[in-house]
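Colleague: Could you walk me through this one while I have it open? I'd like to start with the charged side chains and then move on to other things.

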Amino acid sequence: MPQGVEVRVFSWATFQNIMKPKDLPFTIRGFESRAPSYSDGVFTIPSFYDNHDKEKFPELKKRIDAAKTIHVEICSGNGEWIADRAQKNPQILYIAVEKKFMRVRKIWSKMKNNDLKNLLIVSGMGEDFFDHYLDKHCVDEVFINFPDPWPKKRHAKHRIIKKSFLMPIHSILKKEGRITITTDSPEYSEEIIEVFKTSSDFENIYPEAGYVILDETYGGSYFRRLWSEMGRVNKLMTFQKMDTNVCAALKT
């Protein structure tokens, strides 16, 4: 090597400025000082907070109002599925709702590293976001991928899909909007179908079997691969919001 020539070894990760989950700082540092915040694509809603005011977040509201199509995923986990969807459909605003901050960090790192301008992350409870920060009838589709089935009877109260869950979802969906749910649990899929049967506000678009088998075009996730490798059958159920006039007629 010629004298006087300096050789430096660059880390490819550093060169690309790859963001790691830990690079997203905590925004809530204490119970007394906690408050909602919106920064770097993450909207944080503290637990047990009751002083909501969406007018304090004009940038968030502007971003949501500007979207022609909105898809929401509840319980987004590490964000693999929704990040992939957002990358493939830049014309759609995707909203990832996840209550566990360590998972929010993983979604955020995917959003930053893939430069996903059409992905918004909500760090907090979906109910709070729907009730206080999202306009009614503005969402085109809602997705819940592999919700925890809580198989033991004593834990059934923790299941996300229950009758009380239908009203907030119905309120945010546009006319004829849809909610899609995937699961590997045969017992939970039966229960989900029965829950939606109790409501005249939704119609199962797969009335014969109640579901279809999840195909490869839907997108991947950790749980989908895990259950597939274990030989389980992954099911997809989709329910469409019915017209209010039709609902009223059915109730009379």
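Colleague: What do the side chains of Asp 115 and Lys 117 do?

Modeller: In this predicted model they meet in a salt bridge, with an N to O distance of 3.1 Å, where a salt bridge is a side-chain nitrogen of Lys or Arg within 4 Å of a carboxyl oxygen of Asp or Glu. Asp 115 is partly exposed at a relative accessible area of 49%, and Lys 117 is exposed at 66%; buried means under 20% relative accessible area, exposed over 50%, and partly exposed in between, with a 1.4 Å probe and protein chains only.

Colleague: How many salt bridges does the structure hold?

Modeller: The structure holds nine. One of them joins Asp 140 and Lys 174, whose closest N and O atoms are 3.1 Å apart; Asp 140 sits in strand E6 (residues 139–145) and Lys 174 in strand E7 (residues 173–183), so that pair links distant parts of the chain, 34 residues apart. Lys 174 is partly exposed, at 24% relative accessibility. Helices (H or I, at least four residues) and strands (E, at least two) are DSSP runs, numbered from the N terminus.

Colleague: And which parts does the Glu 191 and Arg 159 pair tie together?

Modeller: That salt bridge has an N to O distance of 2.6 Å, and because Glu 191 lies in helix H7 while Arg 159 lies in the loop between E6 and helix H6 (163–172), it ties together parts that are 32 residues apart in sequence. Glu 191 is partly exposed at 27%, whereas Arg 159 is buried, with a relative accessible area of 12%.

Colleague: Changing topic, which residues have the most contacts inside the largest nonpolar core?

Modeller: Those are Phe 129 and Ile 179, in a core of 37 residues, a nonpolar core being a set of buried Ala, Val, Leu, Ile, Met, Phe, Trp, Tyr and Cys residues joined through side-chain atoms within 4.5 Å. The largest share of this core, five residues, comes from helix H7 (residues 186–197). Leaving out residues up to four places away in sequence, Phe 129 touches Phe 43, Ile 45, Ile 64, Ile 95, Val 122 and Leu 134, contact meaning heavy atoms within 4.5 Å. Another core, of 22 residues, lies apart from it and has Trp 81, Ala 83, Tyr 94 and Leu 119 among its members.

Colleague: Is strand E3 covered on one face or both?

Modeller: Both faces are covered, with Ile 70, Val 72 and Ile 74 buried on one side and His 71 and Glu 73 buried on the other. In a regular strand the side chains alternate between the two faces of the sheet. E3 (residues 70–74) pairs in the parallel sense with strand E4 (residues 93–98) over five bridges, pairing being called if DSSP finds at least two bridges between two strands, and Ile 74 stands opposite Val 97 in E4.

Colleague: Where does pLDDT stay under 50?

Modeller: It stays under 50 over residues 4–15, for which the model has two contacts beyond four places in sequence, and also over residues 246–252, for which the model has seven such contacts. The chain's mean pLDDT, the predictor's confidence in each residue from 0 to 100, is 86, and 83% of its residues reach 70 or more.

How values were computed
Residues are numbered from 1 along each chain as its sequence is written. This is a predicted model: local features need pLDDT of at least 70, side-chain atom pairs count only at pLDDT 80 or more; totals for chains, interfaces and linings use all residues. Side-chain values use heavy atoms; hydrogens and water are left out.
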